[in-house]
Amino acid sequence: MPSAVVVALVLLAGLSEAAGRILPLVARRPRVSPPVVAGLLLTGTAVESAVVALWPLTAFTLAELLPDATASGAAPGWTAGQVAPMLLGAVIAFPLLGPALHLMLLTGVGAQLVGPVAAASGVGGWTAAACVAAAGVGLAAAVEAVRRLVGRIGTTGTRRRTA
């Protein structure tokens, strides 16, 4: 069971990621009402926090599926020291500062997961690193697909036909 500090840090990391995604949208569309922004921020926080929380579990599950896996323990979880750097997500996720910096941050955080995933699943370090990377990319791709779908639905729902 994760500690209250880890849960709080995961929620703050989710808020940080969501703010980094939503604030540029608000800057481009200043007429968005505060309740809509709050709803987007709350929903984004829930989704991003779930992705952060699921990353170690997904990597462990992928490692367990491999034929050379000898699971010797439970799935690894976050520690406060591992998840704390994710709080920088909002700052680094801004488009002007660049996705490359965001990717470097996530790579560093993912590298911290490799050891626990390798130890818990019994696979080698490089295999665990591949599982951590695949889990991160897979989760990010799933969230991005849902984000684009919701964005497309939201924009087509608000278009008005002019007569």
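Helices here are DSSP runs of H or I of at least four residues, strands are runs of E of at least two, and both are numbered from the N terminus. This is a predicted model, in which local features need pLDDT of at least 70, side-chain atom pairs count only at pLDDT 80 or more, and totals for chains, interfaces and linings use all residues. Residues are numbered from 1 along each chain as its sequence is written, and side-chain values use heavy atoms, leaving out hydrogens and water.

**View A. Glu48, a buried residue in helix α2.** Glu48 sits in helix α2. Glu48 counts as buried because its relative accessibility is 9% (buried is under 20% relative accessible area, exposed over 50% and partly exposed in between, with a 1.4 Å probe and protein chains only). Leaving aside neighbours within four places in sequence, Glu48 is in contact (heavy atoms within 4.5 Å) with Gly14, Glu17, Ala18, Arg21, Val143 and Arg147.

**View B. Pro56, also placed in helix α2.** With a relative accessible area of 1%, Pro56 is buried. Not counting residues up to four places away in sequence, Pro56 touches Pro76, Trp78, Leu113 and Val117. Take a look at Val114 too: its C-alpha lies 9.1 Å from that of Pro56, although the two are 58 residues apart in sequence.

**View C. The largest nonpolar core.** Such a core is a set of buried Ala, Val, Leu, Ile, Met, Phe, Trp, Tyr and Cys residues joined through side-chain atoms within 4.5 Å. At least two of its residues come from each of α1 (4–28), α2 (34–64), α5 (99–121) and α6 (125–158). Zooming in on Val83, its contacts beyond four places in sequence are Leu9, Val10, Val52 and Trp78.

**View D. The second largest pocket.** A pocket is an open set of points on a 1 Å grid over the protein atoms alone where a 1.4 Å probe fits, with protein on both sides within 12 Å along at least five of seven lines; lining residues have an atom within 4 Å of a point. The space in this pocket is about 240 Å³. Its lining has 12 residues, of which Pro2, Ala53, Pro76, Gly77 and Trp78 are the closest to the centre. Helices α1 and α2 each supply at least two lining residues.

Key
Points joined across faces, edges and corners; volume = space filled by probe spheres on them.
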